Amino acid sequence: MSADECKYARWNEVGLRDGLAGEPLSTLNARTQDCAEARVTPDSRAYLQGRDQGLQSYCRLDNAVQLGLNGKSYQGVCPAPIDLEFRRRFSLGREVYDARQQINQRERRRDELERRLKASNKDEDRRKIRDELEDEDRKTRRARDRLRDAEWQLDRLR
């Protein structure tokens, strides 16, 4: 936080925003250090009240899947009674996200290899590129299988 942000902060609102974002409690320590340079002491009680309020929204089980699907991370901030289920749902969403990312990466790599193949004039180079294309195709199939499995599990959850 900047010096001005520290001076004029409404600590309840800062905590609320951090809670809604699923920020760990260590974020308050970082804010305290930032504000110490501006000679401002955060109102930790107001911050924690706001953060707890934000976490009530963040820690909804239906939010866990969406966080994973969006490629976000989970910092283990939800209360113990729902943490295990939150992590499970988050992981399913994240698995779908990761598989989609990997498929996109493999498709870009395949496009690049196909361009190189078209531009290549040497038989030896063309053979190597074809081998790489086959390898990319295998990796893409595995990623698509993982995606299909993860989406199936996600559908079962819903």
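**View 1. A cluster of aromatic rings in the predicted model**. Tyr-58, Tyr-74, Phe-86 and Phe-90 are joined into a cluster by ring pairs. The count of aromatic pairs comes to three. One of them is formed by Tyr-58 and Phe-86, a tilted pair with 5.8 Å centre to centre and 35 degrees between the planes. This pair links distant parts of the chain, with Tyr-58 in helix H4 and Phe-86 in helix H6, 28 residues apart. Tyr-58 is buried at 3% relative accessibility, and Phe-86 is buried with a relative accessible area of 0%.

**View 2. The rings of Tyr-74 and Phe-86**. The ring centres of Tyr-74 and Phe-86 are 4.7 Å apart and their planes stand at 40 degrees, so the pair is tilted. Tyr-74 sits in the loop between H5 and H6, while Phe-86 belongs to helix H6, and twelve residues separate the two. Tyr-74 has a relative accessibility of 12% and counts as buried because the cut-off is under 20%.

**View 3. Helix H5 and the helices it packs against**. Helix H5 covers residues 61–69. Its buried residues are Asn-63, Ala-64, Val-65, Leu-67, Gly-68 and Leu-69. The buried residues of H5 pack against helix H4 (44–58), helix H6 (80–119) and helix H7 (123–157). After H5 comes Gly-71, which has a positive phi, near 75 degrees.

**View 4. Glu-136 in helix H7**. Glu-136 has a relative accessible area of 5% and is buried. Apart from neighbours within four places in sequence, Glu-136 is in contact with Arg-106, Arg-109 and Leu-113.

Conventions. Residues numbered from 1 in each chain as written. Predicted model: local features only at pLDDT ≥ 70, side-chain atom pairs only at ≥ 80, totals over all residues. Heavy atoms only, no water. Buried < 20%, exposed > 50% of the residue type's maximum accessible area, 1.4 Å probe, protein only. Helix = DSSP H or I, 4+ residues; strand = E, 2+ residues; numbered from the N terminus. Contact = heavy atoms within 4.5 Å. Phe/Tyr/Trp six-rings, centres within 6.5 Å; stacked < 30°, edge-to-face > 60°.
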